[in-house]
Amino acid sequence: MSDASLWTALADPHRRAIVALLLERPRPVGEIGEACGLSQPSTSKHLRVLRDAGLVRVRQDAQRRVYALDPAPIAALDAWLAPYRELWNRSLDRLGRRLDETSDDDARNPVPKD
């Protein structure tokens, strides 16, 4: 799995919907297609992209193929996003402090009402 294939796989909204479904539990192809409103061939194409990116695993259950989420690429994605999450947290903390200061200033210097 390459980073590019992971991002490409997740760029499509149908594939993100499939990943969200599989987060709940493993599902057969037919159930995935029905839940996403996709035809069987379209569902299979999306699942192949997700499988090639390493995001899902497939197992044979009699005549059905059951797909499950593979957490390893998601963990790698989470690790990649961690510094950006920290950046946002610091920015939001600064905004919160600034809003608190503004609120304190307003409480000390109320605007007279006419």
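Visitor: How do I read the words buried, exposed and partly exposed here?

Guide: Buried means under 20% relative accessible area, exposed means over 50%, and partly exposed lies in between (1.4 Å probe, protein chains only). Arg 25, with 40%, is partly exposed. A word on the source: this is a predicted model, where local features need pLDDT of at least 70, side-chain atom pairs count only at pLDDT 80 or more, and totals for chains, interfaces and linings use all residues. Residues are numbered from 1 along each chain as its sequence is written, and side-chain values use heavy atoms, leaving out hydrogens and water.

Visitor: How many salt bridges does a search of the whole structure find?

Guide: A salt bridge is a side-chain nitrogen of Lys or Arg within 4 Å of a carboxyl oxygen of Asp or Glu. The search finds 9 of them. In one, Asp 78 pairs with Arg 85, their closest N and O atoms 2.6 Å apart. Shared partners also link Glu 24, Arg 25, Arg 27 and Glu 31 into one network.

Visitor: Within the pair of Arg 27 and Glu 24, what separates the closest N and O atoms?

Guide: They are 2.3 Å apart. Arg 27 is buried at 6% relative accessibility, whereas Glu 24 is exposed at 60%.

Visitor: Is Thr 43 buried or exposed?

Guide: Thr 43 is buried, with a relative accessible area of 0%. Contact means heavy atoms within 4.5 Å. Leaving aside neighbours within four places in sequence, Thr 43 is in contact with Val 29, Ile 32, Gly 33 and Leu 38.
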